[in-house]
Amino acid sequence: MPVGPARMPLFDHLGELRMRVVRILVCLVVAVFIFYLAAPKAAHFLLEPVLQFMPQTEEGTADIFVFGAFDAFALRFFVSLWMSIVACMPVILWQLLAFFLPALKPKERKWFIPTFATGVALFIFGTVFCYLVILAPAFEWMTDQAGGLATIYPEAKQWIDLIIKFEIGFGIAFELPLIIFYLVIFDVLPYKRLRSSWRTVYIALMVISAMVTPDASPVTMLLMFAAMLGLYEASLLVARVALGKRIKQQTADWEAKKAEDEKWEKEWAEERAAKKKALKEGK
């Protein structure tokens with residue numbers, strides 16, 4: 001990965017930023033063109049997990065609808081753009097990493113390549129998990145709500161937009177293990193505190209699950225919460241195994257600080273009690 005020097009004039013930094021932005025845009029333009037030609041196959045691929053909840057053509061593909069004169073073009077461009085962003089995400093992250101890397105110390109730089117690889121892998125795993133596990137029960141619950149009430153005519157852009165939001169939401173949510181690992185390794189939140197504050201963490205994960213899921217389905221929210229809960233517990237287990245010595249030191253420091261705080265609070269309480277007693281005797 002070409003990396004510029006750490007110290008450069010301002011305009012040289014801006015020139016490097018422009019160069020990396022141009023590389024990202026060129027990659028996106030090429031990908032949009034490719035995916036635009038393959039947009040029908042890409043759209044049907046996205047709809048495959050929810051095909052059973054939609055009307056189908058004689059060929060067994062989803063029978064989706066557009067209602068405006070230019071909606072077909074907008075739909076193809078929308079599909080190709082989002083597919084391009086997902087496909088080019090490694091290139092985008094790589095270029096951003098190459099721009100910011102010179103500002104870091106040599107000891108800090110060694111973490112970024114593993115972070116990049118792990119982040120991309122977790123994002124892909126999250127999208128695959130959503131595609132294979134989440135989409136079918138989520139759309140089943142949503143389409144069942146129309147039973148006895150209305151007939152569903154699947155509008156193409158709405159359904160594909162919802163699926164893409166699901167995919168991106170789960171891809172981002174699955175970065176949780178990486179966040180937990182760095183919270184522990186940089187002593188932002190010690191392992192002991194993360195482990196002892198599990199009630200607060202579980203509530204926070206439930207709130208995040210409700211915010212990330214693009215629909216109002218309790219089924220989707222609970223599935224997201226279950227996935228994030230499993231990832232959280234797995235990340236703590238991995239951190240405990242991989243960072244055993246650091247966690248022991250963090251635990252010792254945390255217990256020493258807790259004992260010191262308790263001692264200080266006890267002394268402060270005794271001092272306040274003594275002052276109150278002195279005031280009463282003075283009266």
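1. Is Leu37 buried or exposed? Leu37 is exposed, with a relative accessible area of 57%, where exposed means over 50%, buried under 20% and partly exposed in between (1.4 Å probe, protein chains only). Leu37 sits in helix H1, residues 10-37. Arg76 is 39 residues from Leu37 in sequence, yet their C-alpha atoms are 8.5 Å apart.

2. A word on what we are looking at: this is a predicted model, in which local features need pLDDT of at least 70 and side-chain atom pairs count only at pLDDT 80 or more, while totals for chains, interfaces and linings use all residues. Residues are numbered from 1 along each chain as its sequence is written, and side-chain values use heavy atoms, with hydrogens and water left out.

3. On the overall fold, the protein chain has twelve helices and zero strands; these are DSSP runs numbered from the N terminus (helices H or I, at least four residues; strands E, at least two). Of the 283 residues in the chain, 34% are buried. Take the contacts (heavy atoms within 4.5 Å) between residues at least 6 apart in sequence: 76% of them join residues at least 24 apart.

4. Now have a look at H6. This helix covers residues 112-144, 33 residues in total, and spans 45 Å from its first C-alpha to its last, close to the 48 Å expected at 1.5 Å a residue; that expected span is 1.5 Å times one less than the number of residues. H6 also has a kink of about 50 degrees at Ile134, shortly before Pro137. The bend is the angle between axes fitted to the seven residues ending at a residue and the seven starting there.

5. Phe116 counts as buried because its relative accessible area is 17%. Its contacts, leaving aside residues up to four places away in sequence, are Pro90, Leu93, Trp94 and Leu97. With Pro90, the separation is 26 residues in sequence and 8.2 Å in space, C-alpha to C-alpha.

6. The largest nonpolar core has 43 residues, and Leu47, Val50, Leu135, Phe139, Ile160, Phe166 and Tyr232 touch the most other members. Such a core is a set of buried Ala, Val, Leu, Ile, Met, Phe, Trp, Tyr and Cys residues joined through side-chain atoms within 4.5 Å. Helices giving at least two residues each include H2 (39-47), H3 (71-87), H6 and H11 (218-242). H7 gives the most, with nine residues. As for Phe139, it touches Val50, Phe53, Trp159, Leu162, Ile163 and Phe166, again setting aside residues up to four places away in sequence.

7. H6 turns up again at the largest pocket, where it gives the most to the lining, with seven residues. The lining comes to 23 residues, with Val86, Ala87, Phe123, Thr127 and Glu167 nearest the centre. A pocket here is an open set of points on a 1 Å grid over the protein atoms alone, where a 1.4 Å probe fits, with protein on both sides within 12 Å along at least five of seven lines; lining residues have an atom within 4 Å of a point. The volume is about 590 Å³, taken as the space filled by probe spheres set on the points, which are joined across faces, edges and corners.

8. Ser209 is classed as buried because its relative accessibility is 0%. Beyond four places away in sequence, Ser209 touches Met221, Met224, Phe225 and Met228.
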